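Visitor: I'd like to talk through the charged side-chain pairs in this one. Can you walk me through them?

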Amino acid sequence: MAKGVFRATKKDGSVYYRASITYRGKHISLGSFAEETDAHRAYQTADALLQSEISYTPEDYHSSDFPCLLFPKWISLINFKNNGLYIKTPIYLQRHFFSYYLSPQDVLVFDVDDLFYYSNHAIMRRGNHLFVSEYGMQTNIHTRYGIRNFARPGADFTFTNGNSNDYRYSNIRIINPYHGVTVSHAPGHMDYAARLHIRGNYLVGHFATLQEAAVAYNKAADHVEAKGCPKQFARNYIENMTKKEYASLYDSIQLPDSLLTYSPE
């Protein structure tokens with residue numbers, strides 16, 4: 001076998017080749033290849049990169065210059081070389097933050113507080129949604145930042161600097177953290193509507209404050225589940241509201257007839 005290459009066999013008996021390299025005492029896998037020559041080229045490319053006197057940056061990547069070395073692995077290697085820390089996901093450490101490279105053009109930015117998490121969770125993109133795999137399930141990373149599923153950019157949350165790839169905590173402003181509540185700009189004032197989705201939307205009502213709408217949604221969810229609705233609804237937690245204040249507001253809310261007469265049949 002060529003240097004840095006190991007022959008392996010799949011369950012069906014077919015042969016493939018694995019490439020790896022050791023750098024600063026760390027054994028690093030470079031990937032699997034159908035041909036021994038490609039595996040060896042990956043090893044040679046990685047070796048030349050790590051031994052080079054050039055301090056490459058993420059912007060220096062060109063696939064023709066680094067044959068058989070995939071871009072995510074290239075990011076991991078130059079980060080290890082330049083910053084002294086090997087991370088298996090495509091992270092490059094910057095001062096006070098880090099960049100996560102989904103591709104050369106698709107770069108996410110995070111606070112260092114998130115480094116451990118994303119070092120151990122690979123990010124996937126599907127359209128505008130970003131996911132990690134946890135316990136066999138795909139988890140939208142927005143939930144780490146208080147952004148609800150189906151929250152609307154600009155209405156329920158904003159990125160302060162306008163960069164929707166910048167997930168630093170200081171850059172994310174949550175406008176509406178509550179389930180079932182929509183915020184709209186009515187002439188002269190803000191309007192807060194609560195809706196419950198059960199094979200279509202039930203309007204719970206329009207309210208003067210965001211908190212009232214959130215509590216109304218909770219009351220509507222309690223009511224239909226008590227009536228036998230098979231759907232389980234997430235509840236809203238209202239910060240800075242005592243149990244007594246919550247109970248008083250909850251009791252004062254009148255549900256519409258469409259919900260009072262709800263039947264799951």
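Visitor: Is Arg-235 buried, exposed or partly exposed in this predicted model?
Guide: The relative accessible area of Arg-235 is 31%. Buried would need under 20% and exposed over 50%, so Arg-235 lands in between, as partly exposed.

Visitor: Which residue does Arg-235 meet in a salt bridge?
Guide: Arg-235 sits in the loop between H4 and helix H5 (243–252), and its partner is in helix H4 (residues 210–226), 13 residues apart. The N to O distance is 2.8 Å, and the residue is Asp-222.

Visitor: Which residues do salt bridges with shared partners join into one network?
Guide: One link in it pairs Asp-156 with Arg-152, with the closest N and O atoms 3.4 Å apart. Asp-156 is buried at 4%, while Arg-152 is partly exposed at 34%. The network as a whole is Arg-148, Arg-152 and Asp-156.

Visitor: And what about Arg-125 and Asp-106: which of these counts as buried?
Guide: Their side chains meet in a salt bridge at 2.7 Å, N to O. Arg-125 lies in strand S7 (residues 123–126), and its partner is in the loop between strand S5 (97–101) and strand S6 (107–111). Arg-125 has 33% relative accessibility, so that one counts as partly exposed. At 17%, under the 20% cut-off, the buried one is Asp-106.

Visitor: How many salt bridges are there in total?
Guide: A pair counts when a Lys or Arg side-chain nitrogen is within 4 Å of an Asp or Glu carboxyl oxygen. By that rule, the count is seven.

How values were computed
Residues numbered from 1 in each chain as written. Predicted model: local features only at pLDDT ≥ 70, side-chain atom pairs only at ≥ 80, totals over all residues. Heavy atoms only, no water. Helix = DSSP H or I, 4+ residues; strand = E, 2+ residues; numbered from the N terminus. Buried < 20%, exposed > 50% of the residue type's maximum accessible area, 1.4 Å probe, protein only.
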